[in-house]
Amino acid sequence: FLHGDETVRIRPCTEGFGGGMNATEIVERIHSEGAQALAVAGSEFSAGQPVILRNQFGNGSTCYVGARLDEPSLAAFYRVLAGHIHLPRTELPRGVV
């Protein structure tokens, strides 16, 4: 758990996330176990550890987010995810991700 207003910078490992991302409140320590790291912690005690994983199996895939992302970071993650599954892009009102 993070304390107060503390954040952990998240560093993307793949295209499409734009700039860096931020996690607040909690960042889990997870192991990739063969999954692709889409983003890793870029600061604090967990620097370099995977934070967002994507695992493919057969024709499907799943993502696991091991942190509570702030709103802009969560929106960036959903944009990348939508791109992976070829969803058309739609602009949503502020506060809707």
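User: What span should the 14 residues of H1 have, and how far apart are its end C-alpha atoms?

Analyst: This is a predicted model, and the values given here are computed from it. At 1.5 Å a residue, with the count taken as one less than the number of residues, the 14 residues of H1 should span 20 Å.

User: Which residues of H1 are buried, and which strands do they pack against?

Analyst: With buried taken as under 20% relative accessible area, the buried residues in H1 are Ser73, Ala76, Phe77, Val80 and Ala82. Beyond the helix, the residue His86, which follows H1, has a positive phi near 60 degrees. The strands against which the buried residues of H1 pack are E2, E4, E5 (60-65) and E6.

User: Which residues touch the most other members of the largest nonpolar core?

Analyst: In soluble globular proteins, nonpolar side chains tend to be buried together. The largest nonpolar core here has 16 residues, and the elements that give two or more residues to this core are the strands E1, E2, E3, E4 and E6 together with helix H1. Those that touch the most other members are Ile10, Phe17, Val51, Ile52 and Leu69.

User: Is Leu69 buried or exposed, and which residues does it touch?

Analyst: Leu69 has its place in strand E6, and it counts as buried because its relative accessibility is 10%, where the cut-off for buried is under 20%. Leaving aside residues up to four places away in sequence, Leu69 touches Ile10, Met21, Asn22, Ala23, Ile52, Leu74 and Phe77.

User: How is the aromatic pair of Phe77 and Tyr78 arranged?

Analyst: The structure holds 1 aromatic pair, and its two rings, those of Phe77 and Tyr78, lie 5.5 Å apart centre to centre, with 50 degrees between the planes. Phe77 is buried because its relative accessible area is 6%, whereas Tyr78 counts as partly exposed because its relative accessibility is 38%. With stacked meaning under 30 degrees and edge-to-face over 60, the arrangement of Phe77 and Tyr78 is tilted.

User: Which side chain does a polar contact join to that of Arg54, and what is the distance?

Analyst: Arg54 lies in strand E4 and counts as buried because its relative accessibility is 14%. Among the residues that Arg54 touches, not counting those up to four places away in sequence, are Gln36, Leu38, Cys63 and His84. The polar contact joins the side chain of Arg54 to that of His84, at 3.2 Å.

How values were computed
Residues are numbered from 1 along each chain as its sequence is written. This is a predicted model: local features need pLDDT of at least 70, side-chain atom pairs count only at pLDDT 80 or more; totals for chains, interfaces and linings use all residues. Side-chain values use heavy atoms; hydrogens and water are left out. A nonpolar core is a set of buried Ala, Val, Leu, Ile, Met, Phe, Trp, Tyr and Cys residues joined through side-chain atoms within 4.5 Å. Buried means under 20% relative accessible area, exposed over 50%, partly exposed in between (1.4 Å probe, protein chains only). Helices (H or I, at least four residues) and strands (E, at least two) are DSSP runs, numbered from the N terminus. Contact means heavy atoms within 4.5 Å. Rings of Phe, Tyr and Trp (its six-membered ring) pair if their centres lie within 6.5 Å; planes under 30 degrees apart count as stacked, over 60 as edge-to-face and the rest as tilted. A polar contact is a pair of N or O atoms within 3.5 Å; within protein, one must be able to donate a hydrogen and the other to accept it, and residues adjacent in sequence count only if both atoms are side-chain atoms.
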